[in-house]
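Q: How should I read the pockets and cavities of a structure like this one?

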Amino acid sequence: MSVPRELSLVTVAGRTVLAQTPVAELEAYHGDVLDVACTTVTDDSAVIGVGRSLDMTLELDVSQATKAWVSVARGTVDGALQEVLVGVDRSAKQLFLNREASGVTTVSGSNSPETDFALARFVDYEPVDDRVRLRILLDRSSLEVFVDDGAPAATLLVLNDPGAQDVAVGADGTVTVVSGTLTTMGDAMGRD
């Protein structure tokens, strides 16, 4: 967990679950806001913004998509596309974070041999009313994802090339950004 979070218990589908949301104090670092509502993409992806230090709030209509995703830290580096995906696979009933195309395949630890870095993580998930509400915090090499008001939440390292700056929305089928903003974030240490 790279950002302070507020924890609460909420009821989802009749079950009590832990919800996590970023603290409100993060808004003190907010900068420029870009409205990305009404973006629609069919069987492709489209760039909706740029940046590696962003606070994104998106509501996606996935009613006509088998898969829909947000691509961050995206760009072509040495002829290859680098990106990290946050998305939903409706047929598998899963939420996924995927850095298989991040440009980094393995990492070395101090006490271990090389470990796979190009991986995907999955959690059981079904959108309510065919909508996915995402709060995504990207801070250079850290990705924090809060889904449907923080239940579930996930963290992932992002080691893509610093030049990979685009944010995109994509789908197999059609996805529409019902509402959404991309907000630039200043650095807590005073660096922009």
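A: A pocket is an open set of points on a 1 Å grid over the protein atoms alone, with protein on both sides within 12 Å along at least five of seven lines; a cavity is a set of points where a 1.4 Å probe fits but cannot get out; lining residues have an atom within 4 Å of a point. Here 16 residues line the largest pocket, and Val12, Asp124, Tyr125, Ala151 and Pro152 lie nearest its centre. Two or more lining residues come from each of strand E1 (5–12), E2 and strand E10 (120–124), strands being DSSP runs of at least two residues, numbered from the N terminus. This is a predicted model, where local features need pLDDT of at least 70, side-chain atom pairs count only at pLDDT 80 or more, and totals for chains, interfaces and linings use all residues. Residues are numbered from 1 along each chain as its sequence is written, and side-chain values use heavy atoms, without hydrogens and water.

Q: What volume does the largest pocket have?

A: A volume is the space filled by probe spheres set on the points, with grid points joined across faces, edges and corners. For the largest pocket this is about 530 Å³.

Q: Which element gives the most to the lining of the largest cavity?

A: E6 does, with three residues. The largest cavity holds about 30 Å³ of space.

How values were computed
Helices (H or I, at least four residues) and strands (E, at least two) are DSSP runs, numbered from the N terminus.
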